[in-house]
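Colleague: I have a few questions about this fold. Can you take me through it, piece by piece?

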Amino acid sequence: MLDQAERRLSLMTHRHTVIFTDLDHTLLDARGGLGKAAPFIRRLAARGIPVIPATSKTAAEVLNLWRRWSLHGPAVVENGAALCLPRRDRGGWRIHRLTSWRYASIRALLRGWRAPLDLPLEGFGDWSLETICRLTGLSPINALAARTRMASEPLRWEGPVDERLDERLHEAGLTALQGGRFLTVQPATIDKAWGAAVLLNHLRADGNWPRVIALGDAPNDRRLLEMADRAACLPGPRPLSDEVPCLRARNAGPAGWIEALTRLGVA
């Protein structure tokens with residue numbers, strides 16, 4: 001259970017709009033920057049509209065970004081594996097897990113399946129920091145934060161998921177979600193929509209559900225976009241199908257993010 005330390009967050013959600021957003025290719029530009037979105041987020045915060053990351057990034061990555069930009073607030077991390085919750089009394093954040101799965105257990109299963117399935121199944125836990133930097137464009141310190149994982153493992157994968165792997169994942173209670181660059185193996189019981197729902201359920205003060213706006217660009221955002229009252233899809237490396245009901249932004253990154261919220265009437 002979330003403790004009373006988060007009750008102040010309910011002030012942000014007690015009646016109005018909450019924005020959940022993916023980060024890579026959605027809120028962030030190709031270099032991981034916020035661009036013109038930073039002052040936009042602060043103006044939204046001044047109006048009582050929180051911007052909450054819902055991302056495949058780790059808690060360490062998100063909190064590094066939030067500290068760099070002097071932003072404060074909750075986040076859904078590792079595709080819903082955990083929440084980052086601001087502390088009321090001591091500052092900083094605390095991590096609230098939403099799954100009992102551990103990263104080491106997921107890694108052990110993937111390693112054990114490599115030989116019998118004859119699949120590489122290599123992820124962040126197998127790669128050096130140099131390799132992660134090369135594959136992601138992250139700095140060494142951010143690559144280290146990206147490798148500090150709780151319950152998900154991004155793999156390099158092209159094309160549909162191998163049927164034999166999909167069967168092993170299903171039997172183990174895991175699944176694989178396609179993000180913009182990586183295929184992430186994670187518990188089947190979690191996703192970004194689940195993390196957002198848990199957060200909102202605990203933070204609402206008067207029992208009323210706020211209006212939810214969601215923004216994303218990849219298949220692992222789909223359920224989050226579908227649960228929102230209004231949604232925007234941004235262009236990305238693995239665009240969402242036309243079946244997803246959402247406003248289609250013309251641009252990726254901060255420019256598309258601001259464009260989408262403006263067209264949704266939030267600006």
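Modeller: A definition before we start: two strands pair if DSSP finds at least two bridges between them. Keep in mind that this is a predicted model.

Colleague: By that rule, how many bridges join β6 to strand β8, and which way do they run?
Modeller: Pairing needs at least two bridges. Strand β8 covers residues 183–187, and β6 and β8 run antiparallel. The number of bridges joining them is three.

Colleague: In what order do the strands of that open sheet come?
Modeller: The sheet has three strands, with antiparallel pairing. Its edge strands are β6 (153–155) and β7 (174–178), each pairing on one side only. Neighbouring strands are turned by 30° against each other on average, direction ignored. The order is β6-β8-β7.

Colleague: Which helix lies across β6, β7 and β8?
Modeller: Helix α7 (residues 163–172) lies across β7 and β8, at about 130° to β7. The helix across β6, β7 and β8 spans residues 103–117 and runs at about 35° to β6. That helix is α4.

Colleague: Which strand is joined to β1 by five bridges?
Modeller: Strand β2 (residues 51–53) runs parallel to β1 and is joined to it by three bridges. There, Thr-21 stands opposite Pro-53. The strand with five bridges to β1 also runs parallel to it, and its Ile-213 is the bridge partner of Ile-19. That strand is β9 (residues 211–216).

Colleague: What is the handedness of the unit that β1, α2 and β2 make?
Modeller: View it with the strands pointing away from you: a path from the first strand over the helix to the second that runs clockwise counts as right-handed. β1, α2 and β2 form a β-α-β unit, and its hand is right-handed.

Colleague: At what angle do helices α2 and α10 pack?
Modeller: From α2, the residues Ala-37, Phe-40, Ile-41 and Leu-44 meet Pro-254, Trp-257, Ile-258 and Leu-261 in α10. The contact residues divide into eight nonpolar, no polar and no charged. The axes of α2 (residues 37–46) and α10 (residues 253–263) lie 10 Å apart. The angle is about 35°.

Colleague: Which residue with positive phi follows α10?
Modeller: Buried residues of α10 include Trp-257, Glu-259 and Leu-261. Their cover includes β1, α2, β2, β9, β10 (230–233) and β11 (247–248). After α10 comes a residue with phi near 85°. That residue is Gly-265.

Colleague: Is Glu-78 buried or exposed?
Modeller: Most residues other than glycine have a negative phi. Glu-78 has a positive one, near 50°, and sits in the loop between β3 (75–77) and β4 (82–86). Its relative accessibility is 0%, so Glu-78 counts as buried.

Colleague: And how does His-25 count by accessibility?
Modeller: His-25 is in the loop between β1 and α2. Its phi is positive, about 65°, although it is not a glycine. At 27% relative accessibility, His-25 counts as partly exposed.

Technical notes: Residues are numbered from 1 along each chain as its sequence is written. This is a predicted model: local features need pLDDT of at least 70, side-chain atom pairs count only at pLDDT 80 or more; totals for chains, interfaces and linings use all residues. Side-chain values use heavy atoms; hydrogens and water are left out. Axes are lines fitted to C-alpha atoms, for helices over the stretch in contact, and angles run from 0 to 180 degrees between N-to-C directions. Helices (H or I, at least four residues) and strands (E, at least two) are DSSP runs, numbered from the N terminus. Contact means heavy atoms within 4.5 Å. Ala, Val, Leu, Ile, Met, Phe, Trp, Tyr, Cys and Pro count as nonpolar, Asp, Glu, Lys and Arg as charged, and the others, Gly among them, as polar. Buried means under 20% relative accessible area, exposed over 50%, partly exposed in between (1.4 Å probe, protein chains only).
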